[in-house]
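Here is a quick walk through one protein model and its fold. Have a look at the sequence and the structure before reading on.

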Amino acid sequence: MMNPELAIIRIKNLRLRTFIGIKDEEINNRQDVIINVTMHYYAEKARKTDDMEHALNYRTITKAIITLVEDNRFSLLEHLTGKILEIASEHPWVEYATVEVDKPHALRFADSVSLQLSWQRPE
Ligand SMILES: Nc1nc2c(c(=O)[nH]1)N=C([C@H](O)[C@H](O)COP(=O)(O)OP(=O)(O)OP(=O)(O)O)CN2
């Protein structure tokens with residue numbers, strides 16, 4: 001059974017603009033990306049103390065993702081998603097993280113295309 005103290009933080013539909021893609025049009029123009037991040041961590045201390053010092057600060061993590069995405073350029077969704085996953089999983093309290101990045105304007109006849117990567121802390 002899952003541990004009830006394992007909190008799940010979800011950063012939902014973080015909408016940013018960046019250079020992503022391999023076509024000339026994509027290299028020369030920023031486009032929208034939509035980012036969803038999930039992080040699992042043991043939140044018992046944060047729950048009991050109501051003190052930010054014991055919580056995984058989703059604001060700090062979100063700001064780091066915004067800086068990464070907006071200040072860089074990427075060719076592949078795989079690379080961009082992997083870099084965001086590095087940020088989402090770097091805090092030592094994070095047990096498990098997933099990142100999904102949508103490129104809504106990538107395919108003419110589809111609503112969106114997305115790529116998801118996950119990370120699990122080794123036992
Ligand atoms: N694990 C938690 N982390 C954070 C919590 C929380 O309850 N648990 N709460 C906060 C803040 O209260 C708030 O939700 C976010 O902070 P805020 O400064 O408003 O974030 P913004 O990104 O909107 O800040 P801007 O400076 O306005 O861009 C933080 N973390």
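## Overall layout

This is a predicted model, where local features need pLDDT of at least 70, side-chain atom pairs count only at pLDDT 80 or more, and totals for chains, interfaces and linings use all residues. Residue numbers start from 1 along each chain as its sequence is written.

The protein has four helices and five strands; these are DSSP runs numbered from the N terminus, with helices being H or I of at least four residues and strands E of at least two. Read from the N terminus, the order is β-α-β-α-α-β-α-β-β. The C-alpha trace spans about 50 × 30 × 25 Å along its principal axes. Of contacts between residues at least 6 apart in sequence, 57% join residues at least 24 apart (a contact means C-beta atoms, placed from the backbone, within 7 Å).

## How the strands pair

Strands count as paired if DSSP finds at least two bridges between them. Strand 1 (residues 6-20) runs antiparallel to strand 2 (residues 31-42), with 11 bridges joining them, and Thr-18 sits opposite Gln-31 of strand 2. Strand 1 also pairs with strand 3 (residues 73-74), this time in the parallel sense over two bridges; here Ile-20 faces Phe-74.

On to strand 4: eight bridges tie strand 2 to strand 4 in an antiparallel arrangement, and His-40 has Tyr-96 as its bridge partner there. Strand 4 is in turn joined to strand 5 by eight bridges, again antiparallel, with Glu-100 opposite Gln-116 in strand 5.

Buried means 20 or more other C-beta atoms within 10 Å of a residue's own, exposed means 12 or fewer, and partly exposed is in between, with C-beta atoms placed from the backbone.

The largest nonpolar core has 18 residues, and Ile-35, Ile-84, Ala-88, Val-99 and Val-101 have the most contacts inside it. Strand 2, helix 3, helix 4 and strand 4 each give two or more residues to this core. A core here is a set of buried Ala, Val, Leu, Ile, Met, Phe, Trp, Tyr and Cys residues joined through C-beta atoms within 7 Å. Leaving aside neighbours within four places in sequence, Ala-88 touches Val-37, Met-39, Ile-61, Ala-97 and Val-99. Across the protein, buried residues make up 20% of the 123.

Asn-13, in strand 1, has a positive phi of about 50 degrees although it is not a glycine. Asn-13 is exposed, with 9 other C-beta atoms within 10 Å.

Asp-50 is another non-glycine with a positive phi, near 55 degrees. Asp-50 lies in the loop between helix 2 (44-49) and helix 3, and is exposed too, with 8 C-beta neighbours inside 10 Å.

## Around the ligand

Which residues are around the ligand? They are Ala-55, Leu-56, Asn-57, Tyr-58, Arg-59 and Thr-62, where a residue counts if its C-beta atom, placed from the backbone, lies within 6 Å.

How values were computed:
Contact = placed C-beta atoms within 7 Å.
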